[in-house]
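Subject: Structure for your files

Hello,

Here is the structure I said I would pass on. My notes on it follow below.

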Amino acid sequence: MTGSELREWRKRNRFTQDMLRENLNLGSRQTIITWEKSEAPIPRTVELALLALEYLPEKCRKMDGHRFTAAELPAVRENVRMRT
């Protein structure tokens with residue numbers, strides 16, 4: 001999978017770059033940006049992780065494409081911390 005294919009995958013599966021960064025447990029969103037700008041293949045392990053996110057979302061995703069209001073965010077963050 002190339003960077004442009006990664007971007008298409010991310011949009012098709014309703015992930016922002018930051019959501020994908022969090023679900024892949026990466027330290028920086030810049031990694032996603034770099035991969036998406038490159039035409040070199042992304043690491044195979046990342047491709048496999050994307051398959052898990054796509055086909056096992058209830059077990060793997062920390063968040064879906066829903067956008068929360070500022071008032072909802074503290075409760076959402078606490079819920080995510082409790083799951084991990």
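Which residues on the other side of H1 are exposed? They are Glu8 and Arg12. Exposed here means over 50% relative accessible area, buried means under 20%, and partly exposed lies in between (1.4 Å probe, protein chains only). Helices are DSSP runs (H or I, at least four residues), and strands are runs of E of at least two; both are numbered from the N terminus.

Before the rest, two notes on how to read this. This is a predicted model, in which local features need pLDDT of at least 70 and side-chain atom pairs count only at pLDDT 80 or more, while totals for chains, interfaces and linings use all residues. Residues are numbered from 1 along each chain as its sequence is written, and side-chain values use heavy atoms, with hydrogens and water left out.

Helix H1

The buried residues of H1 are Gly3, Leu6, Trp9 and Arg10. Viewed down the axis of H1, these buried residues fall within an arc of 115°, so they line one face of the helix. The arc is taken from the directions from the helix axis to the C-beta atoms. The cover over the buried residues of H1 includes H2, H3 and H4, counting contact as heavy atoms within 4.5 Å. Just after H1, Arg14 has a positive phi of about 60°.

The core

The largest nonpolar core has 12 residues: Leu6, Trp9, Phe15, Met19, Leu20, Leu24, Ile32, Trp35, Ile42, Val46, Leu50 and Leu53. Helices H1 (3-12), H2 (17-23), H3 (29-37) and H4 (44-55) each supply at least two residues of this core. H4 gives the most to this core, with three residues. A nonpolar core is a set of buried Ala, Val, Leu, Ile, Met, Phe, Trp, Tyr and Cys residues joined through side-chain atoms within 4.5 Å.

Leaving out residues up to four places away in sequence, Leu6 touches Met1, Leu20, Trp35, Glu36, Ile42 and Leu50.

The structure also holds one aromatic pair. The ring centres of Trp9 and Phe15 are 5.5 Å apart and the ring planes are at 20°, so the pair is stacked. Rings of Phe, Tyr and Trp (its six-membered ring) pair if their centres lie within 6.5 Å; planes under 30 degrees apart count as stacked, over 60 as edge-to-face and the rest as tilted. Trp9 and Phe15 are both buried.

Salt bridges

There are three salt bridges in the structure, each being a side-chain nitrogen of Lys or Arg within 4 Å of a carboxyl oxygen of Asp or Glu.

- Arg10 pairs with Glu36, with the closest N and O atoms 2.6 Å apart. This pair links distant parts of the chain, with Arg10 in helix H1 and Glu36 in helix H3, 26 residues apart. Arg10 is buried at a relative accessible area of 7%, and Glu36 is buried at 11%.
- Arg21 pairs with Asp18 at 2.9 Å, N to O. Because Arg21 and Asp18 are three residues apart in helix H2, they are separated by about one helical turn. Arg21 is buried, with a relative accessible area of 18%, whereas Asp18 is partly exposed at 36%.
- Glu47 pairs with Arg44, the closest N and O atoms being 3.7 Å apart. Both lie in helix H4, three residues apart, or about one turn of the helix. Arg44 is exposed, with a relative accessible area of 56%.

Gln17 lies in helix H2 and counts as buried, at 17% relative accessibility. The side chain of Gln17 makes a polar contact of 2.7 Å with the side chain of Arg29 and another of 2.9 Å with that of Glu36. A polar contact is a pair of N or O atoms within 3.5 Å; within protein, one must be able to donate a hydrogen and the other to accept it, and residues adjacent in sequence count only if both atoms are side-chain atoms. Setting aside neighbours within four places in sequence, Gln17 is in contact with Arg10, Arg29, Ile32, Ile33 and Glu36.

Asn23 is also in helix H2, and at 13% relative accessibility Asn23 counts as buried. Its side chain reaches the backbone oxygen of Met19 at 2.9 Å.

Regards
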